[in-house]
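Dear colleague,

I am handing over the structure we spoke about, and my notes on it follow below. Please read them with the coordinates open beside you.

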Amino acid sequence: MNQKQPAISARGVVKSFGRQRVLDGLTVDIPSGVTYCLLGPNGSGKTTFIRAVVRLLRLDGGEISVLGRPVSEVGKIYSQIGYMTQHKALYPDLTVEENMQFYAGLYGLDKQLREERLEELLEMVDLLEHRGRLAGALSGGMYQRLSLACTLIHQPRLLLLDEPTVGVDPRLRQTFWDYFGRLTREGKTVLITTHLMDEAEKCQRVGYMRAGRMAAEGSPEEILRLAGLRPQLKLWLAEPQKDAALLRAQGYEIEIVDGVLQVRLESHAQIKDILAVAMPLDMRLAEPRLEEAFLRLSEAA
Ligand SMILES: Nc1ncnc2c1ncn2[C@@H]1O[C@H](COP(=O)(O)OP(=O)(O)O)[C@@H](O)[C@H]1O
Ligand SMILES: [Mg+2]
């Protein structure tokens with residue numbers, strides 16, 4: 001498959017449960033070789049979309065292609081896909097290591113590769129010391145870590161991870177993200193759903209779902225722009241009113257809040273132009289956050 005072709009391409013996807021239209025004409029391309037974050041309120045259809053991609057449910061309308069194949073053939077390429085569900089999918093009465101062995105066997109990994117993958121992944125998810133523990137006796141975070149390791153055992157080209165970092169501590173979440181970065185550098189694709197905005201900001205592309213459609217889609221920077229959010233430069237000045245007048249005359253959008261002058265920036269390159277006019281005692285750059293962008297986009301919808 002060439003790298004230009006999207007890993008997943010959905011066109012006008014419709015799925016209803018009873019009278020509820022959960023996917024309502026969803027159209028999206030997930031490019032190959034990126035981390036793509038699917039965000040959206042509970043019930044917006046994220047999990048349903050992922051389940052449709054692996055054909056755990058039939059569509060009522062529209063089309064999906066996965067790794068260049070129509071979704072009707074996705075069963076033939078399961079060995080290239082890793083799917084981590086939002087719910088518990090491991091064997092509680094098998095140990096950590098036995099669960100991994102089971103998944104490795106399912107994908108027909110030979111003994112040597114199996115051992116290598118097992119050690120590498122147990123280390124990545126920090127479970128080396130707990131390999132003999134029963135999955136059913138793991139804490140929530142440990143269970144998530146084991147689920148991820150099992151999902152990765154066969155080195156899938158396409159990873160579908162439904163809220164994989166729930167209950168995982170921040171240090172290990174960072175390890176996961178570093179690992180995802182490594183996978184995408186190898187050309188693999190990681191589709192991930194999360195509620196955590198700081199995680200979305202780490203993705204190359206973000207899709208914000210609302211009521212079964214893409215409400216906003218693009219790189220985090222594009223989403224910020226779409227929501228009309230811009231970085232803001234705060235300046236502490238000896239004579240804020242005087243500098244405000246000078247900067248306004250040059251067309252800058254200025255506010256003075258509690259004696260602090262605030263300038264909305266079109267681009268970071270404007271900072272040096274502003275500093276050529278005003279000589280601050282102190283300054284701070286406030287970058288807009290994705291969270292605010294989504295709040296605005298939700299209100300506008
Ligand atoms: N198998 C199902 N049967 C009936 N309703 C379902 C089923 N799966 C999902 N739903 C409903 O579809 C909506 C979207 O669910 P879901 O895709 O899980 O959203 P999200 O993952 O964004 O929270 C929810 O209202 C949910 O109750
Ligand atoms: Mg979900």
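In what order do the 4 strands that include S12 and S14 form an open sheet, and is their pairing parallel or antiparallel? The order is S12-S13-S11-S14, and the pairing is antiparallel. Please bear in mind throughout that this is a predicted model.

In that sheet, strand S12 (253–257) and strand S14 (282–286) stand at the edges, and since each has a single partner strand, one side of each is left without a neighbour in the sheet. Neighbouring strands here are turned against each other by 20 degrees on average, if direction is ignored. Strand S11 (residues 232–236) and strand S13 (residues 260–264) run antiparallel and are joined by 4 bridges, and within this pair lysine 234 has glutamine 262 of S13 as its bridge partner. Helix H8 (residues 240–249) packs on the sheet, where it touches S12 and S13, and its direction makes about 165 degrees with that of S12. Helix H9 (residues 270–277), for its part, lies across S11, S13 and S14 and runs at about 20 degrees to S11.

A further open sheet is also made of 4 strands, in the order S2-S1-S4-S5, and its pairing is antiparallel. Its edges are strand S2 (20–30) and strand S5 (69–70), each of which has a single partner strand, so one side of each is left without a neighbour in the sheet. Strand S1 (residues 8–17) pairs with strand S4 (residues 61–66) in the antiparallel sense over 5 bridges, and valine 14 finds its bridge partner in S4 at glycine 61.

Helix H1 (residues 46–53) is mostly covered, with 6 of its 8 residues buried, namely Lys46, Thr48, Phe49, Ile50, Ala52 and Val53. The helix is followed by arginine 55, which lies in the loop between H1 and S4. Phi of arginine 55 is near 60 degrees, a positive value in a residue other than glycine; as a reminder of the background, most residues other than glycine have a negative phi. With a relative accessible area of 29%, arginine 55 is partly exposed.

A positive phi is also found in the hairpin of S9 and S10, which has 2 residues between its strands and carries alanine 211 in the turn. Phi of alanine 211 is near 45 degrees, and this residue is exposed, with a relative accessible area of 58%. Strand S9 (residues 205–210) is joined to S10 by 5 bridges, the two running antiparallel, and valine 206 stands opposite glycine 218 in S10.

Serine 219 is placed in the loop between strand S10 (213–218) and helix H7 (220–226). Its relative accessibility is 14%, which is under the 20% limit, and serine 219 therefore counts as buried. Not counting residues up to four places away in sequence, serine 219 touches Gln204 and Arg205. From serine 219 to threonine 194 the separation is 25 residues in sequence and 16 Å in space, taken C-alpha to C-alpha.

Threonine 165 counts as buried, at 5% relative accessibility.

On the side of H2 the contact is made by Val96, Glu97, Met100, Gln101, Ala104 and Gly105, and on the side of H3 by Arg114, Glu115, Leu118, Leu121 and Leu122. Sorted by class, the contact of H2 with H3 has 6 nonpolar, 2 polar and 3 charged residues.

With best wishes

Technical notes:
Residues are numbered from 1 along each chain as its sequence is written. Chains are lettered from A and ligands numbered from 1 in the order in which they are written. This is a predicted model: local features need pLDDT of at least 70, side-chain atom pairs count only at pLDDT 80 or more; totals for chains, interfaces and linings use all residues. Side-chain values use heavy atoms; hydrogens and water are left out. Buried means under 20% relative accessible area, exposed over 50%, partly exposed in between (1.4 Å probe, protein chains only). Two strands pair if DSSP finds at least two bridges between them. Contact means heavy atoms within 4.5 Å. Ala, Val, Leu, Ile, Met, Phe, Trp, Tyr, Cys and Pro count as nonpolar, Asp, Glu, Lys and Arg as charged, and the others, Gly among them, as polar. Axes are lines fitted to C-alpha atoms, for helices over the stretch in contact, and angles run from 0 to 180 degrees between N-to-C directions.
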